[in-house]
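User: I am new to reading protein models. Please take me through one, feature by feature.
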Amino acid sequence: DSGVATALLLGEGATMTTGDWEKYMRTGVIHVLAISGQHLVVLGAFAWAVLRLAGVRRTRGAWAVASFLLTYALLTGGRTPVLRSTITVCACCGGMILRRPSLPANSFALAWLAVAALNPTDICSAGCQLSFLAVAVLYWGLSRWQRAPEDPLDRLVEASRPAWQRILRRLVRPILLTYVATAVVWFAAAPLVAARYHLVSPVAILIGPPLLVLSGAALLSGFLLLTTAVVCWPLVPVLACLTRWTLAVAEFLVRSSEHCPFAYRYVSDIPSWWLFGFYAGLLAFLRSEEHTSELQSHHDL
């Protein structure tokens, strides 16, 4: 599992064989190994939690998290997905430092402009387009569900349920929302993936959420492993075992799902006019939903 661990932690894919890459590509979960927003969310949330528990003020914590993630992004090569995430996080941290609200749409636009300015050819690559597409769908298409105010009547109904039902619903609801988000992003990205790689992988909807959990746990334990190897070496065997087993389970899941019926399918060329029309319609739909959400918010106020 050392090749997968190196790719996951440091973004260095030279240690993986062609068969290893094709396995993740065919199952549609290659984004798990690409240093991107998921990695920065895990590391940033962990660093923020440690700083807050240590009593560090929000302003100093924001400086520390931004510096830490920027250093990690440069260490892993500064590719487009991690650069987009780093700029977004730095914009959020800058809002905390300056005590100003940070709008996700503005951070999204800033990341796009920064990527285009640093390397204009990246905006034509599939990785860059898929990265920004996924974030756009998550923000303009799915986040409005979370922004919707909760009905007081629903809270009363929830409080009247037995304790075991409330606990079960709280456990099941995040899982269902994760699968819904995975399915929505997959359907939005599937035409672009099919056009660029001639591949459609429905199995990614099934194994995507558990792989995100496993890769997140492996990323965190692996990063702690690298840190404790310098400052507290007795903990290295424990963290190494945790990293190894999480990666082994992830590898087993990918390897098993690759042989499932209808796991993936190769497709022919997709006309450019159809691809352009699909994403133009998707953009119009997302913008109309955002406008409807804004009108509803003004009405509630």
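User: Which residues make the nonpolar surface patch?

Analyst: First, a caution: this is a predicted model, where local features need pLDDT of at least 70, side-chain atom pairs count only at pLDDT 80 or more, and totals for chains, interfaces and linings use all residues. Residues are numbered from 1 along each chain as its sequence is written, and side-chain values use heavy atoms, with hydrogens and water left out.
Now the idea. A patch takes residues with over 30% relative accessible area and no salt bridge; nonpolar side chains (Val, Leu, Ile, Met, Phe, Trp, Tyr) are joined within 5 Å, like charges within 9 Å. Areas come from the Shrake-Rupley method with a 1.4 Å probe, and for residues only the protein chains shown count as cover.
Here, W164, I167, L168, L171, V172 and L176 form a nonpolar patch of about 630 Å².

User: Is I167 buried or exposed?

Analyst: I167 has 53%, so I167 is exposed. I167 sits in helix α9, residues 163-197. Over the chain of 301 residues, 35% count as buried.

User: How many helices and strands are there?

Analyst: Both are DSSP runs, numbered from the N terminus: helices are H or I with at least four residues, strands are E with at least two. This chain has 12 helices and two strands. Along the sequence the pattern reads α-α-α-α-α-α-α-α-α-β-α-α-β-α.

User: How many salt bridges are found in the whole structure?

Analyst: Look for a side-chain nitrogen of Lys or Arg within 4 Å of a carboxyl oxygen of Asp or Glu. A search of the whole structure gives three such salt bridges.
Start with R26 and E22, whose side chains meet at 3.5 Å, N to O. Both lie in helix α2 (residues 18-26), four residues apart, about one turn of the helix. R26 is buried at 18% relative accessibility, while E22 is partly exposed at 38%.

User: Which parts does the pair of K23 and E251 tie together?

Analyst: The K23 and E251 side chains meet in a salt bridge at 3.0 Å, N to O. K23 lies in helix α2 and E251 in helix α11 (residues 236-258), so the pair ties together parts 228 residues apart in sequence. K23 is buried, at 10% relative accessible area. E251 is buried too, at 9%.

User: What links E258 to R26?

Analyst: A salt bridge joins their side chains, at 2.3 Å, N to O. This pair links distant parts of the chain: E258 is in helix α11, R26 in helix α2, 232 residues apart. E258 counts as buried at 12% relative accessibility.

User: What lines the second largest pocket?

Analyst: Rolling a probe the size of a water molecule over the atoms shows where empty space is left. On a 1 Å grid over the protein atoms alone, a pocket is an open set of points where a 1.4 Å probe fits, with protein on both sides within 12 Å along at least five of seven lines; lining residues have an atom within 4 Å of a point.
In this model, 18 residues line the second largest pocket, and Q129, L133, A136, Y279 and L283 lie nearest its centre. Helices α6 (104-118), α7 (126-147) and α12 (272-300) each supply at least two lining residues. The largest share, nine residues, comes from α12.

Notes: Buried < 20%, exposed > 50% of the residue type's maximum accessible area, 1.4 Å probe, protein only.
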